[in-house]
Amino acid sequence: MKNRYIKIFCVAIVSAMTLASCDKGFEEMNKNPNALTDPAVKSMFTLAEIYVDGQDFSNTRGNNLYAAQIVQQFSSLGGPGSKYTYSSEYSAALFGETYGKGLNQIFQLLSVIDNTPENSNMIQACRIMKVFLFQKLTDTYGEVPYFDAGKGYNGNVFSPKYDTQEAIYNDLLKELDEAGTALDATKPFVGNADLYYQSDVARWKKLANSLMLRVAMRLSKVNPAKAKEFVEKAYSKGVFTSNDDSLVLKHDAGPAGVKTNPITSSWVRNDLNGGESNIKFSKTFIDLLKNTNDPRLRIYAKLEATGDNNPANQQGLANDAKEFPGGDKKLFSDPNTSTVLRLDAPTLIMSYAEVQFILAEASVKGWNVGGSAQTYYENGVRAAMNILTIFGDKVPAVTPAEYNTYITTYPFKTAGTDAQKIEQIITQKWIVLLFNGFEAFSEYRRTGYPILVPVNDPTGDTQGTIPRRLIYDQSELVTNAANYKEAIQRQGLDLMTTRIWWDK
């Protein structure tokens, strides 16, 4: 696909390579004859947006092989997520990549732009992107370096202390509230260098408030009063109102690792092998969609060897499987390479459907979000089905009639208990969070839904307990030992079974 993003991607990559060649930090650029003296800040901004989506490294190892298998969206015979086994390289991938690329890029950018009205919108957008990255980090590991992170550029802090999750979450909410308010459509932005919304400030404001919903709801058990306060605040400030507001990052089919989808590209290049992949849809996921005649199944899944996407023929691999039943991998469902597993498939970073499900849960709790749980739930299911049109038209889209049949056959449980309602809401959120395993993993730990049967495999490291976190990058024991040890003394041992602060 040739579009305006090609040039932006290429300039961003070149900019990053140029920046990486500097001999010293940006604070010394006026003294360093080899440093970049006129940084291409728009290209730096573009690259920061790309890094928020993650790269192949963390998405393959942390997302596909750990988080998405722990929550049984996918499965593999030897996958660390399916069997709860520790792999230092895979477990550390998100930690190393987020600090080394995503946050590093944002802190670099903030270090070279002045805090002026001309740069204000760019600064606020960077604050919002930082929240995306830091929330994923702290939700995955627990305590992480936060307030000291990035101070290597202007404070010479190269062994940053770890901060408590409570302190981090308090600041994430503050950042979103302030940044969303400070965004100003009368001030300059970055034009088409903004891959997300092409510098539409109104949509960025909705993004800040919608992300505030996500961040606030994570506190629903550990600090319900604060969760309620900020969910209601986000709603009143204005959140996503349609699928058009959803945060979608477009990709191209090549070159690999530059413009391809970071979640799908290594899967397609290295693992799919005409249906011979070791990573398959989980039986848990396929059975739920098959048993409810969910029209999304034909879009999500197919048998790669034959191209068969008939829902009746889809088969998931049990997460506790020790071999492929029947011995033929090709009989088990792969993500559909005509739709969601295309190399140029867009990434759905945050959706309107997710926002509707958060509001549905808030309504069940009796919080003031302006609508009924049933209405928000039905809007969320409809939006989750309709958003799949972003993956192209090679498979027929879900029709209004199919949605009506589905929602009539499986209506919202208005007469059920609050627990039954929330289970129904979170199960639907789990479906729409396909390929966003980190977020699905966090929501499972917060709510206990969907209900999963734990795997008790002899190779596992949790004695059959579903993991509660991933283990830190063990290089911290060498490069940041004192702060690492202080963190685990507060939080608990650096194990997959240690619960983080909000996980009650």
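**Reading cavities, a pocket, a helix face and aromatic contacts**

Modeller: In the largest cavity, α6 provides the largest share of the lining, with five residues. The model under discussion is predicted.

Biologist: Which residues lie nearest the centre of the largest cavity, and which elements each supply at least two residues of its lining?

Modeller: The lining of the largest cavity comprises 36 residues, and those nearest the centre are Thr 347, Leu 348, Ile 349, Phe 435 and Asn 436. At least two lining residues each come from α3 (56-70), α6 (120-141), α8 (201-217), β8 (347-350) and α17 (437-447).

Biologist: What is the volume of the second largest cavity, and which residues lie nearest its centre?

Modeller: The second largest cavity has a volume of about 80 Å³. Its lining has 13 residues, with Tyr 51, Gly 54, Leu 94, Thr 98 and Leu 133 nearest the centre. Two or more lining residues are given by each of α2 (41-52), α5 and α6. Here α5 makes the largest contribution, five residues. The lining of the second largest cavity divides into five nonpolar, five polar and three charged residues.

Biologist: What is the volume of the largest pocket, and which element gives the most to its lining?

Modeller: A pocket is an open set of points, whereas the probe in a cavity cannot get out. The largest pocket has a volume of about 480 Å³. Among its 22 lining residues, Tyr 99, Gly 150, Val 157, Phe 158 and Pro 160 are the closest to the centre. The elements contributing two or more residues to this lining are α5 (88-112) and α18 (476-479). Of the elements, α5 gives the most, seven residues. The lining of the largest pocket consists of 10 nonpolar, eight polar and four charged residues.

Biologist: Why do the buried residues of α19 line one face of the helix?

Modeller: In an α-helix there are 3.6 residues a turn, so residues three or four places apart point the same way. In α19 (residues 481-491), the buried residues are Asn 483, Tyr 484, Ala 487, Ile 488 and Gln 491. Viewed down the axis of α19, these buried residues fall within an arc of 130°, so they line one face of the helix. Ala 482 and Gln 489, on the other side of α19, are exposed.

Biologist: How many aromatic pairs are counted, and which residues form the aromatic cluster that includes Tyr 484?

Modeller: Two aromatic rings pair if their centres lie within 6.5 Å. By this rule there are 26 aromatic pairs. Tyr 197 and Trp 204 are both buried. Tyr 484 belongs to one aromatic cluster with Phe 95, Tyr 99, Phe 134, Tyr 141, Tyr 146, Phe 147, Tyr 162 and Tyr 472.

Biologist: Which residue lies over the face of Tyr 472, and which over the face of Trp 502?

Modeller: For a charge over a ring, one looks for Lys NZ or Arg CZ within 6 Å of the ring centre. Arg 469 lies over the face of Tyr 472, at 4.8 Å from the ring centre. Arg 218 lies over the face of Trp 502, at 5.7 Å from the ring centre.

How values were computed:
Residues numbered from 1 in each chain as written. Predicted model: local features only at pLDDT ≥ 70, side-chain atom pairs only at ≥ 80, totals over all residues. Heavy atoms only, no water. Phe/Tyr/Trp six-rings, centres within 6.5 Å; stacked < 30°, edge-to-face > 60°. Buried < 20%, exposed > 50% of the residue type's maximum accessible area, 1.4 Å probe, protein only. Lys NZ or Arg CZ within 6 Å of the ring centre and 35° of its normal. 1 Å grid on protein atoms, 1.4 Å probe; cavity = no way out; pocket = protein on both sides within 12 Å on 5 of 7 lines; lining within 4 Å. Points joined across faces, edges and corners; volume = space filled by probe spheres on them. Helix = DSSP H or I, 4+ residues; strand = E, 2+ residues; numbered from the N terminus. Nonpolar A, V, L, I, M, F, W, Y, C, P; charged D, E, K, R; others polar. Arc of directions from axis to C-beta.
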